[in-house]
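Please prepare a briefing on the structure shown below.

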Amino acid sequence: MSLTDSRIVADTAVVVTSAGTISARGALGLRRDVRDTLVVNASVSHSELGPVLRAMAASDSAADSTAKEPAPTAMDSARGTVTVQARVVGSVDSLDVAAEV
């Protein structure tokens, strides 16, 4: 990543963890009058996707809302990969985002 007087530029930025990968390339303007585009790809692969699904506000129809302690639900055993592709356009103080999950 680099900074110019008007942009933050990511030729290729990659973050890899045990839970997944995020990569970004492109730029965003540092001032309101400078707009650019940043493309972000993220992939989360995990044996338990329950926390990710809850963070995305997914509901689990099998959950018992009257239980004192939350019992394991179908969501807790969800496994697989969630992939997000996003296009961020604008400057750091004014962004337009289009994403596909």
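How many residues lie between β2 and β3 in the hairpin that they form? There are 3 residues between these two strands. This is a predicted model, in which local features need pLDDT of at least 70 and side-chain atom pairs count only at pLDDT 80 or more, while totals for chains, interfaces and linings use all residues. Residues are numbered from 1 along each chain as its sequence is written, and side-chain values use heavy atoms, with hydrogens and water left out.

**Overall architecture**

- The protein chain contains 1 helix and 6 strands; helices (H or I, at least four residues) and strands (E, at least two) are DSSP runs numbered from the N terminus.
- Along the sequence, these elements follow the pattern β-β-β-β-α-β-β.
- Of the 101 residues of the protein chain, 20% count as buried, where buried means under 20% relative accessible area, exposed means over 50%, and partly exposed lies in between (1.4 Å probe, protein chains only).
- Among contacts between residues at least 6 apart in sequence, 47% join residues at least 24 apart; a contact means heavy atoms within 4.5 Å.
- The protein chain exposes about 7,000 Å², of which carbon and sulfur atoms supply 55%; accessible areas come from the Shrake-Rupley method with a 1.4 Å probe, and for residues only the protein chains shown count as cover.

**Strand pairing**

- β1 and β2 run antiparallel and are joined by 2 bridges; two strands pair if DSSP finds at least two bridges between them.
- The bridge partner of L3 in β2 is I8, and a hairpin through 3 residues joins β1 to β2.
- β2 also runs antiparallel to β3 (residues 20-29), with 8 bridges between them; in β3, V14 has S23 as its bridge partner.
- β5 and β6 are antiparallel, joined by 7 bridges, and a hairpin connects them through 2 residues.
- V89 stands opposite D96 in β6.

**The loop residue S6**

- S6 is located in the loop between β1 (2-3) and β2 (7-16).
- S6 counts as buried because its relative accessibility is 9%.
- Not counting residues up to four places away in sequence, S6 touches L28, G29, L30, R31 and V34.

**Nonpolar core**

- A10, A24, L28, L38 and V88 make up the largest nonpolar core, which has 5 residues; such a core is a set of buried Ala, Val, Leu, Ile, Met, Phe, Trp, Tyr and Cys residues joined through side-chain atoms within 4.5 Å.
- Leaving aside neighbours within four places in sequence, V88 is in contact with L28, D36, T37, L38, V40, L95, D96 and V97.

- L3, L30 and V92 form a nonpolar surface patch with about 280 Å² of accessible area together. Patches are made of residues with over 30% relative accessible area and no salt bridge, with like charges joined within 9 Å and nonpolar side chains (Val, Leu, Ile, Met, Phe, Trp, Tyr) within 5 Å; a salt bridge is a side-chain nitrogen of Lys or Arg within 4 Å of a carboxyl oxygen of Asp or Glu.
- V92, one of the patch residues, lies in the loop between β5 (80-91) and β6 (94-100).
- V101 is found in the segment after β6 and counts as exposed because its relative accessibility is 69%.
- V101 and V82 are 19 residues apart in sequence, with a C-alpha to C-alpha distance of 7.1 Å in space.
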